[in-house]
Amino acid sequence: MRTITLTGNDLARADVAAFARFEARIALDAQGLAGVQRTADFLAEQVRRGEPIYGVTTGFGSNADKLLGAHRARDELPGGNPEAVTGTLLEELQRNLVVTHAVCVGEPFAPEVVRAMLAIRINTLMRGHSGIRASTLQAMAALYNAGIVPVVPCKGSVGASGDLAPLSHLAIVLLGEGEAFLGGERMDGGEALRRAGLAPVVLSFKEGLALNNGTTQMLACAALALDRLDALVAGLVDDGLDVERWDRPRQADGPLRGLACRLRDLRRVNAAIEDGSLFTNDALLGAFRRARGRGGSVHLLGLVSHGGVHSHIEHL
């Protein structure tokens with residue numbers, strides 16, 4: 001199995017597809033990890049100085065103006081806190097953010113989608129802007145490399161507001177909770193970590209926010225859908241070349257000649273879309289109108305000429 005190094009800057013769609021199919025292992029760029037840790041250290045210093053920081057020393061959303069206290073209010077209940085909690089209040093805040101948002105329903109996403117989500121999320125966090133620690137990213141990479149696939153139910157995203165719930169299901173296994181697949185068997189997240197020889201992570205400042213804020217699930221689904229579309233279009237083009245010799249349509253006979261002409265025009269239009277010359281070249285505009293004018297070709301046009309779109313999202 002080959003290894004792909006994630007830097008945070010140059011993850012290609014082909015890499016995402018390879019991760020999705022578990023055809024590659026994840027390595028983390030050393031220089032990128034150093035930058036990630038510098039940001040985490042800076043954040044820790046601000047917390048030590050008592051600076052108010054959203055989602056770190058404050059609540060979330062409408063509670064953004066409320067600073068966390070020095071101790072848990074539950075500890076002041078008569079008889080004490082019935083739920084003994086280890087760790088600091090700031091650590092509990094990040095854990096609770098993940099646990100309370102892991103509420104998706106429905107059938108689990110296919111393992112390919114979840115592995116793509118893991119790779120994309122790790123790559124995003126490798127940019128070093130979130131405050132997550134290098135050790136937490138290393139734990140995420142180890143989880144992927146061990147073949148652990150978190151169970152992420154397919155219904156629960158809030159769209160443009162973020163894939164908070166799906167990403168929480170992705171992250172909760174890091175904490176030793178939730179569920180995961182390992183070797184095709186569904187089990188508790190903690191058991192999956194134990195079998196893989198991995199330890200649960202205790203989240204630090206802002207790490208819950210870093211792990212569940214983003215649109216990674218939508219991006220993973222889109223990247224894999226585009227990968228399948230490319231395979232479909234390649235099949236259509238191959239069929240045209242094999243059956244019609246579409247660059248020499250006059251050599252085709254009978255009804256095949258019409259299809260060959262359409263494919264020839266579509267190829268020319270596709271190239272024009274790629275280089276931006278479609279609407280500045282009269283001959284190409286004529287090919288475009290002919291392609292639209294022949295029965296059924298408008299549907300092929302939509303498929304074969306998708307390159308102008310996917311070239312813009314080739315790098316995630």
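Which residue is the bridge partner of Glu-179 in E7? In this predicted model, the partner of Glu-179 is Asp-188. Strands of a sheet pair through backbone hydrogen bonds, in either a parallel or an antiparallel manner.

Helix packing was examined for H3 and H6. Two packed helices are described by the angle and the distance between their axes. For helix H3 (residues 89–101) and helix H6 (residues 164–172), the axes come within 7 Å and cross at roughly 115°. The crossing of H3 past H6 is left-handed. On the H3 side, Leu-97, Val-98, Val-99 and His-101 make the contact, while H6 contributes Leu-164, Ala-165, Ser-168, Ala-171 and Ile-172. Classified by residue type, the contact of H3 with H6 comprises seven nonpolar and two polar residues, with no charged residues.

The cysteines were considered next. The disulfide count is zero. Cys-154 takes part in no disulfide, and its nearest cysteine sulfur, in Cys-104, is 8.5 Å away. Cys-154 is partly exposed, at a relative accessible area of 31%. For Cys-221, the closest cysteine sulfur is that of Cys-154, and a bond is excluded because the separation of 9.4 Å is too far. Cys-221 likewise counts as partly exposed, with a relative accessibility of 27%.

How values were computed. Residues are numbered from 1 along each chain as its sequence is written. This is a predicted model: local features need pLDDT of at least 70, side-chain atom pairs count only at pLDDT 80 or more; totals for chains, interfaces and linings use all residues. Side-chain values use heavy atoms; hydrogens and water are left out. Axes are lines fitted to C-alpha atoms, for helices over the stretch in contact, and angles run from 0 to 180 degrees between N-to-C directions. Helices (H or I, at least four residues) and strands (E, at least two) are DSSP runs, numbered from the N terminus. A crossing is left-handed if the near helix is turned anticlockwise from the far one by less than a right angle, and right-handed if clockwise. Contact means heavy atoms within 4.5 Å. Ala, Val, Leu, Ile, Met, Phe, Trp, Tyr, Cys and Pro count as nonpolar, Asp, Glu, Lys and Arg as charged, and the others, Gly among them, as polar. A disulfide is a pair of cysteine sulfur atoms within 2.5 Å. Buried means under 20% relative accessible area, exposed over 50%, partly exposed in between (1.4 Å probe, protein chains only). Two strands pair if DSSP finds at least two bridges between them.
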